[in-house]
Amino acid sequence: MNARNFERIGNRMLEFGDGRARPSVMLRADVVGLGQINEAYGSAVGDRVLKEAADLLGRTVRGSDLVGRVDSDEFGVLLIGADANSARLVIDRIVVQALNHNRTSGHPGTLAFHLGGAVVVAGETADVAGLLVTAAPQRPAAPGAAAV
C-alpha cells in the first residue's frame with residue numbers, strides 16, 4: 001500500500017477506533033541500510049529487500065492491522081485496538097521474523113528495521129501523518145533488533 005492510501009485508510013481506522021473508545025498504536029519501521037544495499041548489490045536487490053520487508057511486516061501483524069510503505073525505505077504499521085504492551089509483542093515478533101528471514105534468505109546483507117512507536121489512548125484524537133512523525137525511531141538498532 002502506498003503512502004496516500006495508508007494515510008486515507010489509516011485515518012478512517014483511527015476514527016473507527018476512537019468511536020469505539022479503543023487505543024491504537026502506530027509503528028514506524030525504517031529499513032536499515034537500504035541505500036548501502038542498493039549501492040553494493042544494485043537496485044534489483046534493494047527492491048527485493050523492500051518487498052521482503054513489506055511481506056514480513058504484513059504476515060507478522062493481525063489481518064485487521066494496516067501496513068503500508070510511507071517513504072522510500074519506511075513502513076507504517078497501524079495497530080487498532082492495541083496498547084503499548086500489545087505493540088511490544090508485535091515488535092518482538094517483527095524482530096524474530098527478521099532474524100529468521102536473515103538465516104534463510106540466501107542473499108547478501110540483512111533485513112533489519114529501526115522501529116519507533118506512538119500510542120493513541122482511547123478517546124484521544126490523532127491522525128496518521130502526526131503519528132508517523134511521533135513514531136520516528138529515536139535511536140539506531142543493531143541488525144535484526146528494534147529501537148522503540
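Colleague: Among contacts in the protein between residues at least 6 apart in sequence, what percentage join residues at least 24 apart?

Modeller: This is a predicted model, in which local features need pLDDT of at least 70 and side-chain atom pairs count only at pLDDT 80 or more, while totals for chains, interfaces and linings use all residues. Residues are numbered from 1 along each chain as its sequence is written, and side-chain values use heavy atoms, without hydrogens or water. Contact here means heavy atoms within 4.5 Å. Among contacts between residues at least 6 apart in sequence, the share joining residues at least 24 apart is 71%.

Colleague: Which pattern does the protein follow along the sequence?

Modeller: Helices (H or I, at least four residues) and strands (E, at least two) are DSSP runs numbered from the N terminus. The protein has five helices and four strands. Read along the sequence, their pattern is α-β-α-α-β-β-α-β-α.

Colleague: Which residue of β3 is the bridge partner of Gly-68?

Modeller: Two strands pair if DSSP finds at least two bridges between them. Strands β2 (residues 66-71) and β3 (residues 74-80) run antiparallel and are joined by five bridges, and a hairpin of two residues connects β2 to β3. Within this pairing, the partner of Gly-68 is Gly-76.

Colleague: Is Asp-65 buried or exposed?

Modeller: Asp-65 is found in the loop between α3 and β2. Leaving aside residues up to four places away in sequence, Asp-65 touches Met-13, Leu-78, Leu-79 and Ile-80. Its side chain also makes a polar contact of 2.6 Å with that of Arg-62 (a pair of N or O atoms within 3.5 Å; within protein, one must be able to donate a hydrogen and the other to accept it, and residues adjacent in sequence count only if both atoms are side-chain atoms). Because its relative accessibility is 10%, Asp-65 counts as buried.

Colleague: How wide an arc do the buried residues of α4 cover around the axis?

Modeller: The buried residues of α4 are Ala-87, Val-90, Ile-91, Ile-94, Val-95, Ala-98 and His-101. They lie on the same side of α4, because their arc, taken from the directions from the helix axis to the C-beta atoms, is only 145°.

Colleague: Which residue caps the N-terminal end of α4?

Modeller: A side-chain oxygen of the capping residue lies 3.2 Å from the backbone nitrogen of Asn-85. The cap is Asp-83.

Colleague: At what distance does the side chain of Asn-102 reach the backbone nitrogen of Leu-111?

Modeller: Asn-102 is in helix α4 and, at 22% relative accessibility, counts as partly exposed. Not counting residues up to four places away in sequence, Asn-102 touches Thr-110 and Leu-111. Its side chain reaches the backbone nitrogen of Leu-111 at 2.7 Å.

Definitions and conventions: Buried < 20%, exposed > 50% of the residue type's maximum accessible area, 1.4 Å probe, protein only.
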